[in-house]
Amino acid sequence: MQMSPNITDVHFPPISEVKRWLVERQNDGQELIDLCQAVPDYAPAPELTAHLGQLLSNPQMSRYSLDEGLPEVREAVCSYYGRKYGAPLSPDNFCMTIGASQAFWLAIVTICSAGDEIVVQAPYYFDHPMALDILGIKGVYAPFIESGLGLPNPETIESLISEKTKAILVVSPSNPTGAITPPETIQALFEVAKRHDIALILDETYNEFIPGGTRPHELFNNPEWGAHFVQIASFGKTYALTGYRAGMLTASGEFIHHALKAQDTMAVCQPLITQHAVKFGVDHLDEWVADNRTMMCRRHDLFRSEFTKPGNQFRLVASGAFFAWVRHPFSNCSGRYVAKRLLDEVAVICLPGEVFGPGLEGYLRLAFGNIREESIPEAVRRFRELKA
Ligand SMILES: Cc1ncc(COP(=O)(O)O)c(C=O)c1O
């Protein structure tokens, strides 16, 4: 059987690749420190789990819902957006999805056809170019500039726009660097999108980990936002529900109307139990989310102060929300080589920089958000131990 070269040419999912190393690893008794896949280490709020437990005995819970999700769930999300973004959105602006991952596919297939281009800020979240390649859409990459922490520069992005460009894609807070794109830059990117009559797609999967719960941007307060802005959202990290696949696409009512054609063929709907989990979260868990955000900020502060103490050959380049982006000290060695040595010699698992963009072999991504404060000094000690 023949398969599409669009998919056979795409590299294997990096997290799966790195997790396979674990199977081959000789266990020397040292406990593994997992800085690989970004997953909050804590359990969902117990009151949320108890609520879902009660719902499970209701046979309605095993049915489909409307493709876009239950009206009461999207109403509840509207109130939450009112609090978070200060914005008057309507339930028609939301489609509940199978994680932010599916929201991204919906956004892309609604905006692009094969042969189109999207300008993507590097370092990127690796799933994004994988999806673009599979769909035959060309990613045009805005280069990573270390001194600028990899934040998007609107002029650079604009210079990469051609007549085939249909969108600009940015992730903030960034996976892999943790850096937060300032609201003014997001506004400027929106203006670029508007000037070229294209879309700004902003993946805000980690928006609840911005210190102080600061508003990520003011775009939703522009009555014209829907003409050029599409948001990818996830409740997976926010409520520690990554396995529930709790994502959402936010866009104009017209955009959602068309996206629902793809939704119907891809997923039909987000599982009802997940929708109820999201509703419970947005109705009841603002404080729980704020407490976890504060805890993540403490982890970040401690990680930074430990990592930057003298004697560490690895150099912290950028960090924030959930991640640290570090330069490794092994010259002419790939990130894969260094990540494998970290696993084999000091039992730390993390991701090689090159999976986040071309030319990024000199870097590693560490998801410090996965580990508790008390484990951070030991994690950093292990980096010090591995000498170039
Ligand atoms: C930037 C970014 N977008 C999307 C996703 C996927 O999120 P979800 O689990 O909601 O599909 C992730 C997961 O790590 C991510 O880091």
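Into which domains is the protein divided? Select residues 5-43 together with 288-385 for domain 1, and then 48-286 for domain 2; these bounds come from an automatic or database domain assignment. The model is a predicted one, in which local features need pLDDT of at least 70 and side-chain atom pairs count only at pLDDT 80 or more, while totals for chains, interfaces and linings use all residues. Residues are numbered from 1 along each chain as its sequence is written.

The contact takes 31 residues from domain 1 and 32 residues from domain 2, where two residues are in contact if their C-beta atoms, placed from the backbone, lie within 7 Å. On the domain 1 side, select helix H1 (5-8), helix H11 (286-307), strand S9 (315-320) and strand S10 (323-327), the elements that give two or more residues to it; helices (H or I, at least four residues) and strands (E, at least two) are DSSP runs, numbered from the N terminus. H11 gives the most to this side, with six residues. By class, the domain 1 side divides into 24 nonpolar, four polar and three charged residues, with Ala, Val, Leu, Ile, Met, Phe, Trp, Tyr, Cys and Pro counted as nonpolar, Asp, Glu, Lys and Arg as charged, and the others, Gly among them, as polar.

Next, move to the ligand and select Gly99, Ala100, Ser101, Asn175 and Ser234, which come nearest of the 13 residues around it; a residue is near a molecule if its C-beta atom, placed from the backbone, lies within 6 Å of it. Helix H5 (residues 99-111) supplies the largest share of this shell, three residues, and the shell as a whole has four nonpolar, eight polar and one charged residues.

Now turn to Arg365, whose place is in strand S13 (residues 363-366). Is Arg365 buried or exposed? Arg365 is buried, because 27 other C-beta atoms lie within 10 Å, and the cut-offs are 20 or more for buried, 12 or fewer for exposed and partly exposed in between, with C-beta atoms placed from the backbone. Leaving aside residues up to four places away in sequence, Arg365 touches Pro176, Phe323, Trp325, Cys350, Leu351, Gly353 and Phe356. A distance drawn from Arg365 to Gly353, C-alpha to C-alpha, reads 6.3 Å, although the two are 12 residues apart in sequence.
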